[in-house]
Amino acid sequence: MPRAALANQLRGEDRVTVCVFGDGAMQRSTFPEAINMGAIWNLPVIYVCENNQYQQWIPQSRMTKVTSVRDMAPSYGIPGESVDGQDVVAATKGIAEAFPDRIRETPISEAAIVGVAVGAALAGMRPVAEIMYVDFVTCAMDEVVNQAAKMRYMTGGQASVPMVLRLPCGLSRYTAAQHSYALESWFMHVPGLHVVVPSTPCDAKGLFRTAVREPDPVLFLEYKRLYSMEGAVPEYVEPIPLGVGEVKREGEDVTVVAVGPMVNKALEAGILLEDEGIDIEVVDPRSLSPLDVDILAESARKTGRAVVCAEDALMAGCTAEIACAMMERCFSNLSAPVRRLAALDVPMPFSPPWRTRSSPASISWL
Ligand SMILES: Cc1ncc(C[n+]2csc(CCOP(=O)(O)OP(=O)(O)O)c2C)c(N)n1
């Protein structure tokens with residue numbers, strides 16, 4: 001926050017920086033750090049908290065005992081004044097009423113959310129934690145990557161973190177650069193984490209049943225656009241083992257490995273390509289770590305051609321790992337190199353035409 005103020009001070013400029021934020025920002029760990037640094041360096045800043053009593057839809061009074069930033073100011077040695085003066089997801093609808101003792105609302109404190117989940121898991125519970133958008137798991141990366149993922153290894157198997165981290169992700173309307181990330185490859189890279197990406201309501205249930213029973217952390221990537229997808233979900237769904245993909249459409253000419261919402265797009269493409277006499281096989285890995293390399297290689301051996309599509313970026317994305325895994329196993333059966341369809345290596349644009357060009361998520365075949 002006081003970055004611009006530091007620049008002003010160092011340049012000796014006669015300027016004051018006005019830093020405007022919502023009351024939700026008070027619960028960020030960077031908040032006290034920034035205020036304190038600004039105070040000890042006597043930076044010329046006015047902090048303006050627009051306190052609408054709600055952090056998005058959660059009343060502020062439930063998230064903090066301190067409801068006025070003004071009252072916090074003196075503890076940093078700076079004066080404070082008062083001036084008079086919003087369903088992202090239905091996925092968890094009704095769950096808080098059904099299980100009032102087990103569901104917790106949280107402040108916007110991702111490191112603390114994952115931290116308490118890791119702690120509870122170490123203490124023998126099976127917590128399910130949710131980060132509002134996967135983009136903000138970046139604020140909790142130490143807990144995910146250094147604590148949860150490594151605990152079993154570092155304790156020689158004496159401790160484990162049976163935690164599920166639900167991570168809504170991917171493009172949705174106008175979510176732009178900070179709320180549209182697809183980060184599967186980041187987590188595939190970390191030994192000790194399982195990475196799951198369901199593509200249908202039924203798979204979501206079957207994979208979730210497995211995830212909550214896993215002895216190690218599972219990152220459950222929920223593509224936001226799929227929340228509105230309809231599909232039959234039987235009352236009882238068998239747990240789907242991790243590392244077991246599924247052929248969603250059988251075909252002879254080319255294998256399309258599709259991740260998450262790209263499965264539906266591939267199935268749409270399959271219908272169109274029928275008219276052109278091209279018969280595609282659609283394979284859904286369902287979990288990316290562990291990855292069902294056998295099902296991928298078997299399909300590519302049969303068709304001799306493969307395309308991998310996912311919503312994450314092309315550079316070092318999950319499509320690279322999948323394509324390489326196939327080429328390593330069945331290079332001699334392939335008639336052409338494995339091709340990849342992924343997002344452009346750009347932050348997600350807000351502008352609808354640019355967004356459409358940036359991500360395969362925007363493709364509509366039908
Ligand atoms: C680190 C982080 N976590 C989650 C979000 C998603 N998010 C965007 S606005 C918002 C609510 C902010 O509440 P508040 O600061 O009170 O501002 P208000 O919208 O009420 O004006 C949230 C949670 C975010 N932008 N950054």
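Two residues count as in contact if their C-beta atoms, placed from the backbone, lie within 7 Å. Helices (H or I, at least four residues) and strands (E, at least two) are DSSP runs, numbered from the N terminus. Axes are lines fitted to C-alpha atoms, for helices over the stretch in contact, and angles run from 0 to 180 degrees between N-to-C directions.

This is a predicted model: local features need pLDDT of at least 70, side-chain atom pairs count only at pLDDT 80 or more, and totals for chains, interfaces and linings use all residues. Residues are numbered from 1 along each chain as its sequence is written.

**Domains**
- The protein chain splits into domain 1 (3–76), domain 2 (95–228) and domain 3 (246–365); these bounds come from an automatic or database domain assignment.
- The centres of domain 1 and domain 2, taken over C-alpha atoms, are 29 Å apart.
- Contacts link 9 residues of domain 1 with 5 residues of domain 2.
- The side of domain 1 that touches domain 2 has 2 nonpolar, 5 polar and 2 charged residues. Here Ala, Val, Leu, Ile, Met, Phe, Trp, Tyr, Cys and Pro count as nonpolar, Asp, Glu, Lys and Arg as charged, and the others, Gly among them, as polar.

**Ligand shell**
- The ligand is surrounded by 14 residues, and the closest are Gly22, Gly24, Gln55, Gln56 and Phe136.
- By class, the shell holds 6 nonpolar, 5 polar and 3 charged residues.

**Sheet S9-S11-S10-S13-S14**
- This open sheet has 5 strands in that order, with mixed pairing. Two strands pair if DSSP finds at least two bridges between them.
- Strands S9 (246–249) and S14 (339–343) are the edges, each pairing on one side only.
- On average, neighbouring strands are turned by 25° against each other, direction ignored.
- S10 (residues 254–258) and S13 (residues 306–313) run parallel, joined by 4 bridges.
- Val257 stands opposite Val308 in S13.

**Helices**
- H10 (residues 262–275) lies across S9, S10, S11 (280–284) and S13, at about 170° to S11.
- H12 lies across S10, S13 and S14, at about 160° to S13.
- H12 (residues 318–330) also packs with H11 (residues 293–303) at an angle of about 60°, their axes 9 Å apart.
- In that contact, Val293, Leu296, Ala297, Ala300 and Arg301 of H11 meet Ile322, Ala325, Met326, Arg329 and Cys330 of H12.
- The contact residues of H11 with H12 are 8 nonpolar, no polar and 2 charged.

Conventions: Near = placed C-beta within 6 Å.
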